[in-house]
Amino acid sequence: TTIILHKPGQPDYSTPKAYQPIALLDTLAKILSLCVTKNLTFLAETHNLLPPTHFHQDFDTCINRTFLTLPE
């Protein structure tokens, strides 16, 4: 499914260049994938299913864990 949006600031909306098509299927698939990923990550962390060497997406935590796991 595709919707057509007006491009702002176009002087003439009778030409095809004045519109921007947006594919909704790709957008919805990305949103759904993100939701599923966040839910699975939350459940895995809540139930301690990840090993201690797993680096989380959180930047500060990831950097700290990386330095803590490096051998001296």
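Select L32. With a relative accessible area of 55%, L32 is exposed, because the cut-off for that word is over 50%. L32 sits in helix α1. Keep in mind that this is a predicted model.

**Along helix α1**

Select residues 24-46, which is α1. This helix has 23 residues. From its first C-alpha to its last, α1 reaches 33 Å. That is close to the 33 Å expected at 1.5 Å a residue.

Next, pick L25, which is also placed in helix α1. Is L25 buried or exposed? L25 is exposed, with a relative accessible area of 62%. Then select T2 and draw a distance between the two C-alpha atoms. L25 and T2 are 23 residues apart along the chain. Their C-alpha atoms are separated by 7.8 Å.

**Into the loop**

Move on to N48, which follows α1. Where is N48 placed? N48 lies in the loop between α1 and α2, and α2 covers residues 59-69. Check the backbone angle here. Phi of N48 is near 50 degrees, a positive value in a residue other than glycine. Most residues other than glycine have a negative phi. Look at the surface as well. N48 counts as exposed, at 67% relative accessibility.

**Color by confidence**

Which element has the lowest mean pLDDT? That is α2, with a mean of 59. Helix α1 has the highest mean among the elements, at 85. Where pLDDT is low, the predicted coordinates should not be read in detail. Across the protein chain, the average pLDDT is 77. A score of at least 70 is reached by 71% of the residues.

**Zoom out**

Show the protein chain as a cartoon. How many helices and strands are there? The chain has 2 helices and 2 strands. Start at the N terminus and trace the order: β-β-α-α.

Now bring back the surface. The accessible surface of the protein chain comes to about 6,500 Å². Carbon and sulfur atoms account for 65% of that area. Of the 72 residues in the chain, 3% are buried.

Finish with contacts. Take those between residues at least 6 apart in sequence. Of these, 2% join residues at least 24 apart.

Key
Residues numbered from 1 in each chain as written. Predicted model: local features only at pLDDT ≥ 70, side-chain atom pairs only at ≥ 80, totals over all residues. Heavy atoms only, no water. Helix = DSSP H or I, 4+ residues; strand = E, 2+ residues; numbered from the N terminus. Buried < 20%, exposed > 50% of the residue type's maximum accessible area, 1.4 Å probe, protein only. Contact = heavy atoms within 4.5 Å. Areas by Shrake-Rupley, 256 points an atom, 1.4 Å probe, with all protein chains shown as cover. pLDDT = per-residue confidence, 0-100. Expected span 1.5 Å × (residues − 1).
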